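Hello,

Here is the structure I promised to pass on. Have a look at it first, and then read my notes below.

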Amino acid sequence: MTGIVTALLVLTHTYAQAPAIKNPELREELLKRVAADQAVRNEWIKQDVRKLDEAVLKRMEQIDADNSARIKAIVTRFGWPGPALVGKDGTEAAFLLVQHADHETQKAILPIVTKAFRSGELSGQNYALLVDRVLVRDGRPQVYGTQAKAFNQWKGEEPVFEPIEDEANLDARRRDVGLPPMAEYRRLLKQMYFPKKR
């Protein structure tokens with residue numbers, strides 16, 4: 001797992017499925033993989049994201065490694081698994097697997113994700129997340145401000161972000177891809193990773 005923090009994509013919406021999804025078995029597989037991905041991450045968040053439980057971390061790394069290999073194979077065989085192939089929720093699930101994949105897999109899939117975004121098969125928000133993830137892992141400034149530093153570099157519970165290109169125009173770029181303003185994103189990250197105990 002890297003030291004980069006990004007908002008987890010939790011599939012909370014149920015999408016009405018198009019009547020003719022071409023590969024419902026692949027959709028089911030993607031949804032099952034995402035359920036395992038999210039379960040281990042939710043366990044980590046509930047424990048305290050600043051304290052890495054080695055057993056949870058090992059499970060997360062194994063799940064991510066298995067999913068990296070599988071999403072690479074899927075994209076090699078089918079191209080981007082868009083809504084016509086696996087439904088909208090299947091497409092979101094595929095993207096989440098890419099978002100948690102190893103760096104080389106992300107770099108290899110980025111041109112395919114870019115094409116899917118431009119053709120309307122993938123949201124601008126997802127596209128922006130992967131662009132920033134690849135840039136930051138390459139040691140370059142991010143474009144959309146989606147990547148925060150590791151929790152041990154936050155100021156208490158306040159997110160600290162990886163370097164951002166042209167910060168003066170950041171919110172305009174975020175708006176162009178459907179992301180909320182940076183101030184709102186900061187609040188969302190803080191709420192997600194440090195929910196108030198009731």
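**How the helices pack**

In α1, the residues Leu26, Glu29, Leu30, Arg33, Ala36, Asp37, Val40, Arg41, Glu43, Trp44 and Gln47 meet Val56, Arg59, Met60, Ile63, Asp64, Asp66, Asn67, Arg70, Ile71, Ile74 and Phe78 of α2; contact means heavy atoms within 4.5 Å, and helices are DSSP runs (H or I, at least four residues), numbered from the N terminus. This is a predicted model, where local features need pLDDT of at least 70 and side-chain atom pairs count only at pLDDT 80 or more, while totals for chains, interfaces and linings use all residues. Residues are numbered from 1 along each chain as its sequence is written, and side-chain values use heavy atoms, with hydrogens and water left out.

The axes of α1 and α2 lie 10 Å apart at an angle of about 155° (axes are lines fitted to C-alpha atoms over the stretch in contact, and angles run from 0 to 180 degrees between N-to-C directions). That makes α1 roughly antiparallel to α2, a term for angles over 145 degrees.

α1 also packs on α3: their axes come within 8 Å and cross at roughly 40°. Leu30 and Leu31 of α1 are among the residues in that contact, as are Ala93 and Leu97 of α3.

Best wishes

How values were computed. Helix = DSSP H or I, 4+ residues; strand = E, 2+ residues; numbered from the N terminus. Parallel < 35°, antiparallel > 145°, perpendicular 65-115°, else oblique.
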